[in-house]
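Dear colleague,

I am passing on the structure we talked about, and my notes on it follow below. Please read them with the model open beside you.

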Amino acid sequence: MFSLLIEFPNFNIYSTPLLVLVLQGLIFAFLLLHKYRKEKSISYLLLAVILFIVCYHRTTYTIGFMDWYDTFRNTKINYYLISLSLFFVPFIYFYVRSITISDFRFKRKDILHFIPGVVYVFIKLFILIYDASLPGFASTQNGYLVENFQWKYLDPFVTAFTYIQEVVYLVLTFQLYYAYRKNIQQYFSNAYDLELNWIRNFLFIYTALFVYGLLQTIVDVAITDLSWTQRWWLQFLNALAIIYIGVKGYFTNTDKLLGLSFDGSLNFNTSRSQLVQDDNSPQMREKVESVTSFMEAEKPYLDAEINLITLSRKLNLSRAELSEIINSGLGKNFNDFVNGYRVEAVKQMLAEGKQEQLSLLGIALNCGFNSKATFNRVFKKLTHLSPSEYARTHS
């Protein structure tokens, strides 16, 4: 018994980093669960599940490098550590949906996405029950079905199916995210904080890890058997990703989407020929003049929180009607439309010498921008000069 304690756990350069990172990931997962109970936002629950799965998948390698398998030669732990890979990518997809669609709800048909994972779990449980019923099971690490069915047929099939599934869901998730990025330009005037760049980074990171894992599998199967230490790097990089996901997911606030009629799926694609035709319509010109006159007289763009919904209410128009006027009548999205007025207001204040009393950021905030990052990016986009460059050349 004393010798077992010496051999396990073995804290070394391979096991310790995985253990530390996984424990930190679990802490963030529990924090996200607490935030879900407090705020009742399903996105926190979904991200907590994603973190639990990522941490859980590191278990085999973590205890392996701690010498569990060498110490307990007949361990059955691999029977109980069932891979949840078939659940993982659907959860990522639904997580991105939950933070890009304000009224997201799980529907009964959404369960279909998880059927492959459920089937795999039941197959693994059957393998455990069958192997445990055979004589000599207690004296061996892997039973009959593991060696003659799982390793030969089930694992290769599930691995190939998982890679195909990951490609499909990654494509769907990227499409969902970029459609969201495009659509918020039609709803919000200050959209920088809502662009959720960390989600884009997370998807890029996961895609890179997916490609790494695929190449590692190809090398291991077709070229040479990789050692456990050579496979360790993929586990370590996945463990690092846990921390990034946990930190950014916990501290990201998406409350601005709540309560808005924002479904993330509207189609604002209008051909150029349609824009020209609508621009020449007398009715459209009249509507455009009414909206622009209101903007110039009432200056609603000075409100940093103005969005398509609130502006449409001020104008006594429906959201769809205002969107059509801005998109078809002016050939702009809502973000460029409102920020165009803000940039002109900044230019006017600079022309009046207001920079002598206020900083550029102070001027920007007075003109309706809500942050330095948004101001700099929008101003350069519309003038092709940074605010400081413009101030120097027009002082």
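A word on the annotation before the details: UniProt positions are given here in the numbering used for this model, feature names are shortened, and an annotation may be inferred rather than shown by experiment. With that caution, the unreviewed UniProt entry records a "domain: HTH araC/xylS-type" over residues 289–393. In the model, which is predicted, this span is 70% helix and 0% strand, and its end C-alpha atoms lie 32 Å apart.

On confidence, the mean pLDDT of the protein is 88, with 91% of the residues reaching 70 or more. The highest mean, 97, belongs to helix H8 (residues 115–133), whereas the lowest, 42, belongs to helix H12 (residues 272–279). Residues 1–5 have pLDDT below 50, and this stretch makes two contacts beyond its near neighbours in sequence. Residues 263–278 also stay under 50, although the model gives them 21 contacts beyond four places in sequence. Where pLDDT is low, the predicted coordinates should not be read in detail.

The structure holds seven salt bridges, and I describe some of them here. Arginine 377 pairs with glutamate 195, with 2.6 Å between the closest N and O atoms; arginine 377 sits in helix H18 and glutamate 195 in the loop between helix H9 (144–184) and helix H10 (197–223), so that the pair links parts of the chain 182 residues apart. Glutamate 195 counts as buried because its relative accessibility is 3%, whereas arginine 377, at 39%, counts as partly exposed. Both residues belong to a network of salt bridges that also takes in Arg181.

Lysine 381 is partly exposed, at 48% relative accessibility. A further salt bridge joins glutamate 321 and lysine 287 at 3.9 Å, N to O, and it links helix H15 (residues 319–330) with helix H13 (residues 282–298).

Finally, threonine 374 is also found in helix H18, which covers residues 372–383, and it counts as buried because its relative accessibility is 3%. Its side chain makes a polar contact of 3.5 Å with that of asparagine 370. Leaving aside neighbours within four places in sequence, threonine 374 is in contact with Asn190, Tyr192 and Phe369.

With best wishes

Methods. Residues are numbered from 1 along each chain as its sequence is written. This is a predicted model: local features need pLDDT of at least 70, side-chain atom pairs count only at pLDDT 80 or more; totals for chains, interfaces and linings use all residues. Side-chain values use heavy atoms; hydrogens and water are left out. Helices (H or I, at least four residues) and strands (E, at least two) are DSSP runs, numbered from the N terminus. Buried means under 20% relative accessible area, exposed over 50%, partly exposed in between (1.4 Å probe, protein chains only). A polar contact is a pair of N or O atoms within 3.5 Å; within protein, one must be able to donate a hydrogen and the other to accept it, and residues adjacent in sequence count only if both atoms are side-chain atoms. Contact means heavy atoms within 4.5 Å. pLDDT is the predictor's confidence in each residue, from 0 to 100. A salt bridge is a side-chain nitrogen of Lys or Arg within 4 Å of a carboxyl oxygen of Asp or Glu.
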